[in-house]
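Dear colleague,

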Amino acid sequence: MNEEVFTVNGIAKEWKLSPDTVQRWFVDEPGVMVIVSETPKRYGKRAHKRTLRIPASAKDRVWRKKSNVALGKGR
């Protein structure tokens, strides 16, 4: 696969959104790689950190989908 891959922070800066919003939008999107790592115990619980790698095709698809919703054209 020779497709360009993006990070959540990179897209957040480009689109002027919070990284949390971008993460929510992409976490279940087809083609997005989700890397889960476990962090050390804190307050008796283990937390899971999710890192996303987002291919250009998924980025473009979500941009079109969210742009259409913003314009009132539905999903």
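**Overall picture**

In the protein chain, 50% of the contacts with a separation of 6 or more are made by residues 24 or more positions apart, where contact means heavy atoms within 4.5 Å. Please keep in mind that this is a predicted model, in which local features need pLDDT of at least 70 and side-chain atom pairs count only at pLDDT 80 or more, whereas totals for chains, interfaces and linings use all residues. Residues are numbered from 1 along each chain as its sequence is written, and side-chain values use heavy atoms, with hydrogens and water left out.

The protein chain has three helices and three strands, and from the N terminus on the elements run β-α-α-β-β-α; helices (H or I, at least four residues) and strands (E, at least two) are DSSP runs, numbered from the N terminus. Of its 75 residues, 25% count as buried, a term that stands for under 20% relative accessible area, with exposed for over 50% and partly exposed for what lies in between (1.4 Å probe, protein chains only).

In α1, the residues V8, I11, A12 and W15 are buried. Seen down the axis of α1, these buried residues fall within an arc of 105°, so they line one face of the helix; the arc is that of the directions from the helix axis to the C-beta atoms. As background, an α-helix has 3.6 residues a turn, so residues three or four places apart point the same way.

α1 and α2 pack at an angle of about 115°, with their axes 8 Å apart, where axes are lines fitted to C-alpha atoms, for helices over the stretch in contact, and angles run from 0 to 180 degrees between N-to-C directions. That makes α1 roughly perpendicular to α2, since angles of 65 to 115 degrees count as roughly perpendicular, under 35 as roughly parallel, over 145 as roughly antiparallel and the rest as oblique. On the α1 side, V8, N9, I11, A12 and W15 meet P19, V22, Q23, W25 and F26 of α2. By class, this contact has eight nonpolar, two polar and no charged residues, with Ala, Val, Leu, Ile, Met, Phe, Trp, Tyr, Cys and Pro counted as nonpolar, Asp, Glu, Lys and Arg as charged, and the others, Gly among them, as polar.

Just after α1, K16 takes a positive phi of about 55°, and K16 is a residue other than glycine. K16 lies in the loop between α1 (8-15) and α2 and, at 72% relative accessibility, counts as exposed.

**E29 and its surroundings**

E29 is found in the loop between α2 (19-26) and β2 (33-38), and E29 is buried, with a relative accessible area of 10%. Leaving aside neighbours within four places in sequence, E29 is in contact with A58, R61, V62 and K65.

R61, in helix α3 (residues 56-70), is partly exposed, with a relative accessible area of 29%. R61 and E29 are 32 residues apart in sequence and 9.3 Å apart in space, C-alpha to C-alpha. Not counting residues up to four places away in sequence, R61 touches P30 as well as E29.

P55, in strand β3 (residues 48-55), is buried at a relative accessible area of 5%. With neighbours within four places left aside, P55 is in contact with E3, E4, V5, F6, G31 and V32.
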